[in-house]
Amino acid sequence: MADRTMRGEALLIYSMLSLSVALAQVSYSIPEEMTKGSLVGNIVKDFGLDIKRLKTGKARIFTTDSHEYIELNRERGVLLIRERIDREALCGETTPCAIHFQIILENPMEFYSVTVEITDVNDNAPFFEKHEIAFKISESTVKGAKFILDHAVDLDVGSNGLQSYRLEPTDNFIIKLHDQADGTKVVEMVLEKPLDREKSDHLSLTLTAVDGGEPQMSGTMKILISVLDANDNSPVFNEAVYKASINENAAVGTLILKVIATDLDLGSNSKITYSIPRLSDQARGVFEVNSENGQIRLMGNVDYEKTKSFQVSIRASDDGGLVDSCKVIIEIIDVNDNKPDIHIMSKSTVISEDSKPGTVVTMIKIQDADSGDNGKVQCSIDANIPFEMKSTNNDFYTLVTDGELDRESASEYNISVSCSDEGAPSLSSSVTLTLQISDVNDNPPVFERSSYEAYIVENNTPGLSIFTVRATDADWNQNARVSYILEDSSVNGASVSSYVSVSADSGVVHAVRSLDYEQIKDFQFRVRAQDGGSPPLSSNVTVKILIQDQNDNPPQVLYPVQTGGSLVAEMVPRSADVGYLVTKVVAVDVDSGQNAWLSYKLQRATDRPLFEVGLQNGEIRTIRQVTDKDAVKQRLSVTVEDNGQPSRSATVIVNVAVADSFPEVMSEFTDFTQDKEYNDNLTFYLVLALAVVSFLFITCLVVIISVKIYRWRQSRVLYHSNLPVIPYYPPRYSDTLGTGTLQHVYNYEVCRTTDSRKSDCKFGRAGSQNVLIMDPSSTGTMQRLQSEKSILDEPDSPLEVRLAFDN
């Protein structure tokens with residue numbers, strides 16, 4: 001059918017909501033009974049949207065109705081019929097009939113209002129509630145008498161609704177229609193020609209109701225008339241129209257009003273019966289009239305929000321069949337019996353903490369079915385939260401941010417939205433919105449301390465855990481994940497990473513190498529704590545490592561110097577007094593603190609010791625007078641011990657000669673066997689030196705002869721070539737008429753000691769100097785290093801003799 005196709009009428013009305021929430025309105029008109037999937041309208045074209053916007057914005061339809069007759073196709077951007085629409089079931093007699101809904105978009109939040117008007121099609125035929133009706137009419141009824149008939153009902157509206165009535169046959173009656181204020185028509189059957197019971201005591205008429213649709217549809221009702229004897233007075237109501245009012249919360253059985261009709265006849269012809277000939281769908285079962293006294297009572301519940309007023313026709317009839325009718329208008333008084341309805345159109349459950357003030361969080365639609373002040377609604381939220389409610393128009397509210405958000409202060413808000421009307425008493429409703437605040441990396445890690453100091457004992461094992469640095473980040477999840485980084489710096493010219501390392505996850509500081517207090521006593525470095533945000537935030541802290549000394553170094557004796565080949569002896573005269581200072585043992589300990597506190601102890605070898613050593617200063621002194629029984633050669637063992645735990649020590653041997661002269665000392669310290677062995681060694685070295693010199697002499701002689709022969713042959717060549725001859729002499733050599741060459745200087749050294757009965761001689765290299773020292777404790781010789789000090793360096797030491805021979 002042509003009426004079932006889309007009419008294609010679209011009325012677009014655009015308006016803008018505040019806070020960047022756009023509200024636009026478009027209206028469509030479609031016929032009822034369209035098949036499922038039929039096109040309603042193209043919102044992409046009508047609203048000027050993009051198909052991609054519908055998908056990314058998760059476009060959806062929001063409606064407060066329980067049924068959704070229209071659906072949105074995001075792929076095409078069109079509205080389609082989701083469920084068959086019956087205008088009569090949807091709106092009844094209300095015109096125009098329309099469906100209102102909103103199209104919600106997110107990111108950012110927007111909504112568009114759509115109104116779809118449902119136009120009527122002629123799909124309902126007129127009908128009468130009663131298939132037949134009976135009248136008793138006296139034959140004395142005068143021409144022009146009126147009889148009220150039940151009007152027909154047509155669920156369609158407009159031109160498709162009820163248009164006219166037709167009565168057949170029309171020998172005695174005609175039909176007259178009277179318009180009512182509510183748009184309905186009163187159907188009257190008027191006596192046009194008096195009845196004659198003698199001709200016919202029963203009449204059968206047909207009343208046909210016809211609508212104006214295409215094709216035209218109709219409904220019929222039978223009218224059965226019984227002709228009676230004369231009853232010439234009909235009942236008459238006191239008023240043609242009665243008015244009454246009642247609260248919508250009135251109890252069942254409440255008396256609304258009483259209608260009164262009178263009949264001038266007598267007897268049974270004056271007995272009046274009250275009835276309600278017909279009721280609308282809204283009034284059916286709601287009102288009842290007492291047939292005897294005309295009292296109208298409430299028999300059901302009335303709701304101002306559904307129907308604001310009722311019109312009821314009351315019929316008064318006597319036994320003679322005469323009737324009269326009146327109209328009763330019942331106004332419903334609104335009572336504040338409806339709480340505001342809160343509809344969440346769109347909401348965000350998570351919002352970033354860096355959202356700017358004014359960001360839309362939730363869009364709300366408020367509805368209150370009451371009217372007047374009872375329907376005026378005000379909404380509010382909890383105080384002391386960074387949000388506020390803003391009204392965009394009478395029915396719509398937006399919840400927006402009203403300040404800066406900080407997830408670290410409040411990670412979640414339970415926002416209670418309360419809406420109350422202005423009725424008395426006021427009714428209210430509320431809803432709680434839970435809003436999560438998502439984290440933004442806006443907090444750097446913070447160390448527990450402004451700086452750290454840690455101690456570690458030297459000689460630690462590599463990899464030892466020293467201590468832990470800790471930093472916390474007030475952010476959440478990945479933004480709060482802290483990593484520790486050792487900043488590059490140098491310690492004693494080396495990278496700090498060669499000393500310590502920092503665990504990236506735990507912040508544990510490990511020693512990379514074994515530390516030595518004697519090399520480095522403390523050092524410091526910086527550790528950076530960095531979170532996992534993007535971009536990452538960081539903070540630094542200074543860490544100072546102090547190395548604690550460990551007793552890992554024994555004392556070192558500086559004096560007397562211990563040599564492997566020479567004898568160092570201190571001489572004490574026999575006349576020395578008690579407390580005579582023999583010598584002083586000097587020692588140091590590279591450790592520190594109590595580990596470097598040294599004490600000196602003398603290991604006693606005899607029952608009557610002659611010497612003692614100072615516990616703190618290491619001075620060796622006599623503790624008694626020297627006697628003849630005391631040996632000339634005294635060997636003292638001094639132990640130097642530190643104060644560490646455990647303690648370490650060093651031992652030094654001090655040779656002391658108790659004598660008044662050097663000969664006495666040397667006679668005690670040497671013997672003949674040692675002289676013989678020493679001379680044998682000296683003879684071996686002299687023979688070896690002579691052999692080496694002879695070999696060098698012969699080699700030089702051969703070289704010189706070869707050079708002479710070469711020069712002679714060259715001179716012969718030069719002689720024949722008349723070139724001058726220039727003789728050549730090697731440096732530091734003198735010509736000996738072809739007999740050979742020697743170095744200009746050759747040194748010999750002879751060393752002797754007083755009363756040693758022993759001598760030593762050694763040939764050295766040309767221009768060199770060698771010093772031989774006699775060691776009374778052995779038969780061999782050793783070269784004296786110039787850096788060493790021995791008893792020979794003292795004024796009273798053995799004599800050193802050097803002889804030099806020049807060629």
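Which residues make a nonpolar surface patch of about 650 Å²? Phe684, Tyr685, Leu688, Val692, Phe695 and Leu696 make this patch. Hello everyone, and let me start with some ground rules. This is a predicted model, where local features need pLDDT of at least 70 and side-chain atom pairs count only at pLDDT 80 or more, while totals for chains, interfaces and linings use all residues. Residues are numbered from 1 along each chain as its sequence is written, and side-chain values use heavy atoms, with hydrogens and water left out.

Back to the patch. Patches are made of residues with over 30% relative accessible area and no salt bridge, with like charges joined within 9 Å and nonpolar side chains (Val, Leu, Ile, Met, Phe, Trp, Tyr) within 5 Å. A salt bridge here is a side-chain nitrogen of Lys or Arg within 4 Å of a carboxyl oxygen of Asp or Glu. Accessible areas come from the Shrake-Rupley method with a 1.4 Å probe, and for residues only the protein chains shown count as cover.

Phe684 lies in helix α5, residues 672–721. Helices (H or I, at least four residues) and strands (E, at least two) are DSSP runs, numbered from the N terminus. Phe684 counts as exposed because its relative accessibility is 53%; buried means under 20% relative accessible area, exposed over 50%, and partly exposed in between (1.4 Å probe, protein chains only).

Now for strand β52, residues 649–658. In β52, 7 of the 10 residues are buried, so this strand is largely enclosed by the rest of the structure. What are its partners? Strands pair if DSSP finds at least two bridges between them. Strand β45 (residues 569–572) pairs with β52 in the parallel sense over 4 bridges, and Glu570 has Val656 of β52 as its bridge partner. Strand β51 (residues 633–642) runs antiparallel to β52, joined by 9 bridges, with Ala650 of β52 as the bridge partner of Val640. β51 and β52 form a hairpin, with 6 residues between them.

Finally, the cysteines. A disulfide is taken as a pair of cysteine sulfur atoms within 2.5 Å, and by this rule there are 2 disulfides. One joins Cys91 to Cys97, with an S to S distance of 1.8 Å. Its S-S torsion is about 65 degrees, so the disulfide of Cys91 and Cys97 is right-handed. Another joins Cys379 to Cys419, at 2.1 Å from S to S. Cys379 lies in strand β28 (residues 377–380) and Cys419 in strand β31 (residues 412–421), so the pair ties together parts 40 residues apart in sequence. Cys419 counts as buried, at 0% relative accessibility.
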